[in-house]
Amino acid sequence: MKCIAFNRRGTLLAAGCSDGSCVIWDFETRGIAKELRDRDCSAAITSVCWSKYGHRILVSAADKSLTLWDVVRGEKVTRIALQQTPIQARLHPGSSMPSICLACPLSSAPMIVDLSTGSTTALPVIVPDMGNGIAPPSRNKFPDGAPFTLTAACFNKNGDLVYVGNSKGEILIIDHENVKVLAMIPISGGAVIKNIVFSRNGQYFLTNSNDRIIRIHENLLPLKDGLRALNELNKTIEEEDTVEKMKAVGSKCLVLFREFQDLITRMHWKAPCFSGDGEWVIAASASKGEHKIYIWDRAGHLVKLLEGPKEAVFDLAWHPVHPIIVSVSLTGLVYIWAKDYTENWSAFAPDFKELEENEEYVEREDEFDLVPETEKVKESDVNEDEEVDIVTVEKDPFSDSDMSQEELCFLPAIPCPDVPEQQDKCVGSSSKLMDGNHSRSPLSEENGQNGQAANNGSSPLEEDTGGTQLKRKRKPSEKGLELQAEKVKKPLKPLKSSGRLSKTKNKSIVDQDYGNGVYGDDGSDDY
């Protein structure tokens, strides 16, 4: 496994593998619900992204491809090849069936990709100075002289704006439809921005910089119609210098809220993200030989440190609803971190009290009455004439919209067909079993015949009663005489004599004697 992503409800977990496949787990049962495999792709998956309602999954791979999948049918919707390897790809969050995505290639600017036509639009990453109108050259370069701009980008909650972090330590707010920079927020120190993440509710904004500091910004723009509010801000601010105007607008869009860092070890951070409710922030250590996950509250206090095996963390995700963390190690294993709960019965019964020792209990006078006096008092306070609202549906606090019924929360279970080789083995073993049963049937028939013949020969039974010998002989029926005549006509096959076989014969004789009612009275002789 290389990367993971939950759907919006947290019921399904998608993971990109190193062989180019995408595996979807049912997180409730921990079983594989679907496997998406593209024959044209055998390179490692770099990122996976769910659509808003979970019907689509966008997968980016190391072979410079973007693949959009239909989750229910397990079919490939479209496949687009880019010029650079996309490190991260995100679908438009405002549409149930998105047709555009935001891709962050390895060595070029972020771009908007139209999945229906395959066209790409590069986004600006540097604001040019008004003095000469030319953007300053990038400080990071490849050995061959090609410019390299390490950038991170993501959509806002509504998807009408794109936030881009560049190598100069600047956050740019871009109108991706018009490809225009509307605001700029400089970060102290000017370090390279490696990660940009929005909280689920869109109120907080996280950046991970190369100076080993995670910064939390508060989003001042409205969650809906953020583009229109930003355009109105641009109209109200009058500034001749474009850069200064963008900084002035940016100061009214994002405000620094908190900074997280390790002052002792000064380590780099990897895969930072918010919790489902935005109250917690987690990040993994970027060291290769340790699997450490740091958990902070939004106030900036380190609450918990989770230590795993001596394997580097590759990716990290917080469950959207429950306090569960999922991490991917460098070896491809997925680890699930959950809280160890202790049984607290008082949570189910508020009047429950745990006793360390036995105590003498004195019951109340009305404790075992059918209708206690306390309940009679409570019933008098209830207004029976008040109308109960059974029509209004309360909004789910974890839902981002009112159209939650369209979401894909679970995948139907499809039984896997048996392998043909195993079926052949099963058929062969069953045929051998049948042959074995048929091969043993003559022996059992012969044993039965021998037992019946011996039984008929020894049917006169002698009983000792007080020294007197009584002889009783059973009267055979007409059907029994016919069977005996047929057996006399058919010669019996000789059997090998052995002590074990003789014991079997004797046992069958005794059993048949009991079954034929030899010890019955005279009234049972007639059929």
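**View 1. Val388 in the loop between helices H3 and H4.** In this predicted model, Val388 lies in the loop that runs between helix H3 (373-381) and helix H4 (420-457). Val388 has a relative accessibility of 69% and therefore counts as exposed, the cut-off being over 50%. Together with Ile390 and Val391, Val388 makes a nonpolar surface patch of about 390 Å².

**View 2. The open sheet of strands E1, E2, E3 and E4.** Four strands form this open sheet in the order E1-E2-E3-E4, and their pairing is antiparallel. The edges are taken by strand E1 (3-6) and strand E4 (31-37); each has a single partner strand, so one side of each lacks a neighbour in the sheet. On average, and with direction ignored, neighbouring strands of the sheet are turned by 20 degrees against each other.

**View 3. Pairing of strands E3 and E4.** Six bridges join strand E3 (residues 21-26) to E4 in the antiparallel sense. Cys22 has Leu36, in E4, as its bridge partner.

**View 4. The largest nonpolar core.** This core contains 23 residues. Those with the most contacts inside the core are Leu161, Tyr163, Ile171, Ile173, Leu221, Leu230 and Cys253. At least two core residues come from each of strand E13 (152-155), strand E15 (170-175), strand E16 (180-186), strand E17 (193-198) and helix H1 (226-236). H1 gives the most, with four residues. In soluble globular proteins, nonpolar side chains tend to be buried together.

Conventions
Residues numbered from 1 in each chain as written. Predicted model: local features only at pLDDT ≥ 70, side-chain atom pairs only at ≥ 80, totals over all residues. Heavy atoms only, no water. Pairing = 2+ DSSP bridges. Axes fitted to C-alpha atoms, helices over the stretch in contact; angles between N-to-C directions. Patch = residues over 30% accessible without salt bridge, like charges linked within 9 Å, V, L, I, M, F, W, Y side chains within 5 Å. Areas by Shrake-Rupley, 256 points an atom, 1.4 Å probe, with all protein chains shown as cover. Salt bridge = Lys/Arg side-chain N within 4 Å of Asp/Glu carboxyl O. Buried < 20%, exposed > 50% of the residue type's maximum accessible area, 1.4 Å probe, protein only. Core = buried A, V, L, I, M, F, W, Y, C linked by side-chain atoms within 4.5 Å.
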